Amino acid sequence: MKRAQSVILSVVLGAGVVTSAYGQDWANLKEFQQQNAALGLPEKGEDRVVFMGNSITIGWLNSRPSFWEGKPYVNRGISGQTTPQMLLRFRQDVLALHPKVVVILAGTNDIAGNTGPATLEMITDNIKSMAELAQANNIKVILSSTLPAYDYPWKPGMEPALKIVSLNKMLKRYAEENNHLYLDYFTAMTDERNGLPVKYAEDGVHPTVEGYQVMEPLVESAIAKALE
């Protein structure tokens with residue numbers, strides 16, 4: 001066995017489960033390779049939109065399949081991922097699919113420390129890099145606010161609430177300065193603790209069906225603006 005194949009990477013998933021994977025696919029590039037190949041390029045006149053994210057994004061597809069049916073929406077969320085992992089697979093899972101719009105929803109797993117310590121500046125820089133790659137390829141960018149979270153069930157005590165407030169201010173400022181759309185889920189979903197109420201997320205992080213139903217008209221409005 002090659003040495004590279006014997007390297008064990010420990011990945012802390014958003015659900016709080018620790019798994020080990022052999023090899024160097026830290027960004028999980030294999031996850032969507034076959035689906036990307038099968039999808040191919042957009043048809044003429046297709047307003048393809050790629051959703052880049054983590055468990056909140058892929059959970060949207062699993063919890064609300066009806067929202068995705070019959071629409072040119074491509075879900076590229078991977079549970080537990082942080083912004084450096086998303087940045088590594090951004091070219092494959094977004095640029096190569098030639099969408100007109102990308103919706104980026106990220107940051108909470110970085111604050112949780114899923115792949116190690118990360119400052120708000122580091123998180124913002126990774127999201128900026130994704131936005132710059134998209135913009136350089138004539139893809140409209142929608143930067144989503146990080147969803148509220150008072151605590152993480154898989155990593156309690158990280159005190160994310162105020163960190164997320166600060167991160168969202170940084171993302172909003174960057175979006176406004178660079179002609180990107182800022183999608184504010186936070187204001188529509190937060191409670192008095194700057195967390196998610198139980199009706200929107202039973203575990204305080206991952207949206208319920210009702211939570212996703214709050215998000216859906218907001219993202220569709222942003223997509224419509226991006227396509228104007």
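**A pocket lining, a parallel sheet and its helices**

In this predicted model, the lining of the second largest pocket comprises, by class, four nonpolar, four polar and one charged residues. The volume of this second largest pocket is about 200 Å³, and its lining is formed by Gln-135, Asn-138, Ile-139, Lys-140, Val-141, Asn-179, His-180, Leu-181 and Ala-226.

The strands β4, β3, β5, β6 and β7 follow one another in that order in an open sheet of five strands, with parallel pairing. The edges of the sheet are formed by β4 (73–77) and β7 (181–183), each of which pairs on one side only. With direction ignored, neighbouring strands of this sheet are turned against each other by 20° on average. Within the sheet, strand β3 (residues 49–53) and strand β5 (residues 101–104) run parallel and are joined by four bridges; Phe-51 has Val-103 as its bridge partner in β5.

Two helices may be described in relation to these strands. Helix α3, which spans residues 55–63, lies across β3 and β4 and runs at about 130° to β4. Helix α7 (residues 120–136) packs on the sheet, where it touches β3, β5 and β6 (140–144), and the direction of α7 makes about 160° with that of β6.

Helix α7 also takes part in a helix–helix contact with α8 (residues 161–177), the axes of the two coming within 10 Å and crossing at roughly 35°; the crossing of α7 and α8 is right-handed. On the α7 side, the contact is made by Leu-120, Glu-121, Ile-123, Thr-124, Ile-127, Lys-128, Ala-131 and Glu-132, whereas α8 contributes Lys-163, Ser-166, Leu-167, Met-170, Leu-171 and Tyr-174. When the residues of this contact between α7 and α8 are divided by class, eight are nonpolar, two polar and four charged.

Methods. Residues numbered from 1 in each chain as written. Predicted model: local features only at pLDDT ≥ 70, side-chain atom pairs only at ≥ 80, totals over all residues. Heavy atoms only, no water. 1 Å grid on protein atoms, 1.4 Å probe; cavity = no way out; pocket = protein on both sides within 12 Å on 5 of 7 lines; lining within 4 Å. Points joined across faces, edges and corners; volume = space filled by probe spheres on them. Nonpolar A, V, L, I, M, F, W, Y, C, P; charged D, E, K, R; others polar. Pairing = 2+ DSSP bridges. Axes fitted to C-alpha atoms, helices over the stretch in contact; angles between N-to-C directions. Contact = heavy atoms within 4.5 Å. Left-handed = near helix turned anticlockwise from the far one by under 90°.
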